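Below is a short report on helix packing and sheet layout. Look over the sequence and the fold before reading on.

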Amino acid sequence: MTRAGGALLVVGDVVTDVVARHRTPLAPATDTAAEIRTLPGGAGANAACWAARSGWDDVRLLGRVGTDAADWHERALRGAGVRPLLVPDADAATATVIALVDGSSERTFLTDSGAALRLSPADWSTRLLDGVARLHLSGYLFFAAPSRETARRALRDARDAGVPVSVDPASAGFLAELGADRFLAATEGAETLLPNADEARSLTGCGEPESAAAELSRRFPLVVVTLGAAGALVAEGGTVTARVAAPPVRPVDSTGAGDAFTGAFLAARLRGADPVRAAEAGCRAGAEAVTAVGGRPSEGPVTD
């Protein structure tokens, strides 16, 4: 159970997003008209911002950034209500993602992980758990050796301290490269897993999200599989226990929708919501997220 009144600590990636929205298909070897914006992003950072947006007033983020953009990201996080615990890296640039968003609002990422996956065990301390009621780990950390070891130490220390841990697998493509078995071994002991449907399939080999959710919930006490516009599945003890609908909206950009779900879900759990109520809060945040460009929320908190 979550300890009442504590902080949410997110350990994850801080990214500079370059979002390019193109209404027509990409034209190889020539120009394609697009609307392009440079925005703060990153799965971990976005989730932290959405948790703050959802009304939790003590959200902290540990991440590694290049000195090139550290000040910009720190200001953006503070402006979103998140306490940044950023580690500057003089030898690597801040992670950068180019998000190509087509006319249907679907996005394709080109990812340069930069400093994000250089988060090292030396950057972690058990003192970071002081006052923390929940720890959330961005799955991107598990895709490189230094940050994977850091995430594993954080998970172990949180469990030893009685702090529940959630993990977002983050990327079906990177999961395929790492291998499901390695990812599942590295995340053993987490209380909650928050994959999307593609990530759940990749982790289990199951073709249907329902089967994948049920299978994963035999390894993790709580599994919530996001289904985009179709909502989310909640699974516990090897069984899908609920299907939650998402509000209908007109999407503009799906970048960060899963991060919005994660942040709002975790904030709801910290307020004492059961998994279904928390998933409903997550679906509302995800629906809000796809109506704007980029992965961060607009100003002003939203609570139940």
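## A helix pair

Which residues in α1 meet which residues in α8? The model is predicted. On the α1 side, the residues are A43, N46, A47, W50 and A51. They meet D259, A260, T262, G263, A264 and A267 in α8. By class, the residues of this contact divide into seven nonpolar, three polar and one charged.

Two packed helices are described by the angle between their axes and the distance between the axes. Helix α1 spans residues 43–53 and helix α8 spans residues 257–270. Their axes come within 7 Å and cross at roughly 45 degrees. That angle makes α1 oblique to α8. The crossing of α1 past α8 is right-handed.

## The sheet

Nine strands form an open sheet with mixed pairing. Their order is β5-β4-β1-β8-β9-β10-β11-β12-β13. The edge strands are β5 (82–89) and β13 (239–244). Each of these pairs on one side only.

Helix α2 (residues 70–79) lies across β4 and β5. α2 runs at about 170 degrees to β5.

Helix α9 (residues 275–289) also packs on the sheet. α9 touches β11 (222–226), β12 (232–236) and β13. The direction of α9 makes about 40 degrees with that of β13.

Technical notes
Residues numbered from 1 in each chain as written. Predicted model: local features only at pLDDT ≥ 70, side-chain atom pairs only at ≥ 80, totals over all residues. Heavy atoms only, no water. Axes fitted to C-alpha atoms, helices over the stretch in contact; angles between N-to-C directions. Helix = DSSP H or I, 4+ residues; strand = E, 2+ residues; numbered from the N terminus. Parallel < 35°, antiparallel > 145°, perpendicular 65-115°, else oblique. Left-handed = near helix turned anticlockwise from the far one by under 90°. Contact = heavy atoms within 4.5 Å. Nonpolar A, V, L, I, M, F, W, Y, C, P; charged D, E, K, R; others polar. Pairing = 2+ DSSP bridges.
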